[in-house]
Amino acid sequence: YLTQNGLLYERDPILVRPFLTDGPFTRDLGEESPGNIGLFIGLRMVESYTNQKKETDVKTIMRMSPKEIFSESRYKPK
């Protein structure tokens, strides 16, 4: 949903707020989705990246662009 709708790298707070707020669900994704799903997905992408590049430290990851982490992580949700 995020990539199909061009939201993965969006910075507009109004557009990303639904994915980064607490709640029983994420409004745009329906009642079956968890709240704060953006944080969850971001964490899974970084975990996938570190599984691919075990030698990478936190300082290096913090300096990387989100696009680089996403493309090199090969993250594929189940």
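Colleague: At roughly what angle do the axes of helix 2 and helix 4 cross?

Modeller: Heads-up, this is a predicted model: local features need pLDDT of at least 70, side-chain atom pairs count only at pLDDT 80 or more, and totals for chains, interfaces and linings use all residues. Residues are numbered from 1 along each chain as its sequence is written, and side-chain values use heavy atoms, with hydrogens and water left out. Helices are DSSP runs (H or I, at least four residues) numbered from the N terminus, and axes are lines fitted to C-alpha atoms over the stretch in contact, with angles from 0 to 180 degrees between N-to-C directions. The axes of helix 2 and helix 4 (residues 66–73) come within 8 Å and cross at roughly 60 degrees.

Colleague: So what do we call the way helix 2 and helix 4 lie to each other?

Modeller: Angles under 35 degrees count as roughly parallel, over 145 as roughly antiparallel, 65 to 115 as roughly perpendicular and the rest as oblique. The crossing is at roughly 60 degrees. Helix 2 and helix 4 are therefore oblique.

Colleague: How do the residues of that contact divide by type?

Modeller: Contact means heavy atoms within 4.5 Å. Helix 2 brings Met45, Val46, Ser48, Tyr49 and Gln52, while helix 4 brings Ile69, Phe70, Glu72 and Ser73. Ala, Val, Leu, Ile, Met, Phe, Trp, Tyr, Cys and Pro count as nonpolar, Asp, Glu, Lys and Arg as charged, and the others, Gly among them, as polar. The contact residues divide into five nonpolar, three polar and one charged.

Colleague: What does tyrosine 75 touch beyond four places away in sequence?

Modeller: Skipping residues up to four places away, tyrosine 75 touches Ile41, Arg44, Met45, Ser48 and Phe70.

Colleague: And what separates the C-alpha atoms of glycine 35 and aspartate 22?

Modeller: Glycine 35 sits in the loop between helix 1 (13–20) and helix 2. Leaving aside neighbours within four places, glycine 35 is in contact with Thr21, Gly23, Pro24, Phe25 and Thr26. Aspartate 22 is 13 residues away along the chain, yet the two C-alpha atoms are separated by 5.0 Å.

How values were computed: Helices (H or I, at least four residues) and strands (E, at least two) are DSSP runs, numbered from the N terminus.
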